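Me: I would like to learn how to read a structure of this kind feature by feature, with the general idea stated before each case. Could you take me through it?

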Amino acid sequence: WYFSCYVGLDFGDGTSAPKVLNNNGMNASAACGTISDSRGNLLFYGNHNTLYNRNHQVMKNGSGLYGHDYVTQGALIVPYPGDTNLYYYFTLYGGLYYHIIDMRGDKGLGEVVRKNVLLRSDLAKLTAIRHTDKSSVWVVSHSYYNDSFYSYLITKNGLLNQPVISKTGVNYELWKSYY
């Protein structure tokens with residue numbers, strides 16, 4: 001797991017304390033993500049605007065991503081259902097953006113093959129949950145301007161651009177008067 005100030009943790013097989021890693025190529029205040037394969041081997045990681053391969057180098061086409069460093073829960077990696085070579089990387093920057101990574105690119109180190117695709121411009125905070133079909137994934141984000149959660153479904157056919165909207169949250173716009 002790689003995170004802020006060029007450091008990370010290796011959880012190994014989970015039977016001992018995590019080992020501190022000092023080989024991280026990125027700096028991130030809040031928005032960052034890391035993903036490993038099913039055996040725990042690092043695939044790639046990133047912050048709000050750059051993705052790094054397992055060799056801690058900027059991934060091919062992996063810079064210039066739209067994202068904001070100080071957004072909590074501002075970056076998220078989601079495996080593409082049904083294809084172990086593809087991944088979505090979601091970032092927040094005045095809205096929800098996605099980028100697609102193909103691990104077959106750059107001789108197996110990965111390549112960003114699509115980037116900076118805007119889904120919606122007023123979203124903040126990110127999370128994901130596996131669909132009940134045990135393959136698809138819901139990516140969920142909250143609106144800044146109302147009490148709505150926007151849930152985007154990713155299936156083996158890709159990301160559905162039409163969200164399911166659930167009105168049950170906090171209106172962040174109202175909180176501005178408290179700060």
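Reply: Helices (H or I, at least four residues) and strands (E, at least two) are DSSP runs, numbered from the N terminus. By that reading, the chain holds two helices and 16 strands, and Glu111 is found in strand 11. This is a predicted model, in which local features need pLDDT of at least 70 and side-chain atom pairs count only at pLDDT 80 or more, while totals for chains, interfaces and linings use all residues. Residues are numbered from 1 along each chain as its sequence is written, and side-chain values use heavy atoms, with hydrogens and water left out.

Me: What is the mean pLDDT of the chain, and which elements have the lowest and the highest mean values?

Reply: pLDDT is the predictor's confidence in each residue, from 0 to 100. Where it is low, the predicted coordinates should not be read in detail. Here the mean pLDDT of the chain is 83, with 75% of its residues reaching 70 or more.

Me: Is Glu111 buried or exposed, or does it fall in between, and which residues does it touch?

Reply: Buried means under 20% relative accessible area, exposed over 50%, and partly exposed in between (1.4 Å probe, protein chains only). Glu111, with a relative accessible area of 22%, is partly exposed. For contacts, the criterion is heavy atoms within 4.5 Å. Not counting residues up to four places away in sequence, Glu111 touches Met59, Lys60, Ile100, Ile101, Asp102, Gly105 and Asp106. The C-alpha atoms of Glu111 and Asn53 are separated by 8.7 Å, although these residues lie 58 residues apart along the chain. For the chain as a whole, buried residues make up 44% of the 179 residues, and among contacts with a separation of 6 or more, 38% join residues 24 or more positions apart.

Me: How many salt bridges does a search of the whole structure find?

Reply: Side chains of opposite charge can pair when their charged atoms come close. The criterion for a salt bridge is a side-chain nitrogen of Lys or Arg within 4 Å of a carboxyl oxygen of Asp or Glu. The search finds three salt bridges. One links Arg39 to Asp37, with the closest N and O atoms 3.6 Å apart; Arg39 is exposed, at 68% relative accessible area, whereas Asp37 is partly exposed at 23%. Another joins the side chains of Arg104 and Asp102 at 3.0 Å, N to O, and Asp102 counts as buried because its relative accessible area is 15%. In the pair formed by Arg120 and Asp122, the N to O distance is 2.7 Å; Arg120 is partly exposed at 28%, while Asp122 is buried at 11%.

Me: Which residues touch the most other members of the largest nonpolar core?

Reply: A nonpolar core is a set of buried Ala, Val, Leu, Ile, Met, Phe, Trp, Tyr and Cys residues joined through side-chain atoms within 4.5 Å. The largest one has 20 residues, of which Val78, Tyr88, Phe90, Leu96 and Tyr98 touch the most other members. Strand 9 gives the most to this core, with four residues. A second, separate core of 13 residues includes Met59, Leu65, Ala75 and Met103.

Me: Which backbone oxygens does the side chain of Ser141 reach, and where does Ser141 sit?

Reply: A polar contact is a pair of N or O atoms within 3.5 Å; within protein, one must be able to donate a hydrogen and the other to accept it, and residues adjacent in sequence count only if both atoms are side-chain atoms. Ser141 has its place in strand 13 (residues 137-143) and is buried, with a relative accessible area of 1%. The side chain of Ser141 reaches the backbone oxygen of Ala124 at 3.3 Å, and a polar atom of that side chain lies 2.8 Å from the backbone oxygen of Lys125.
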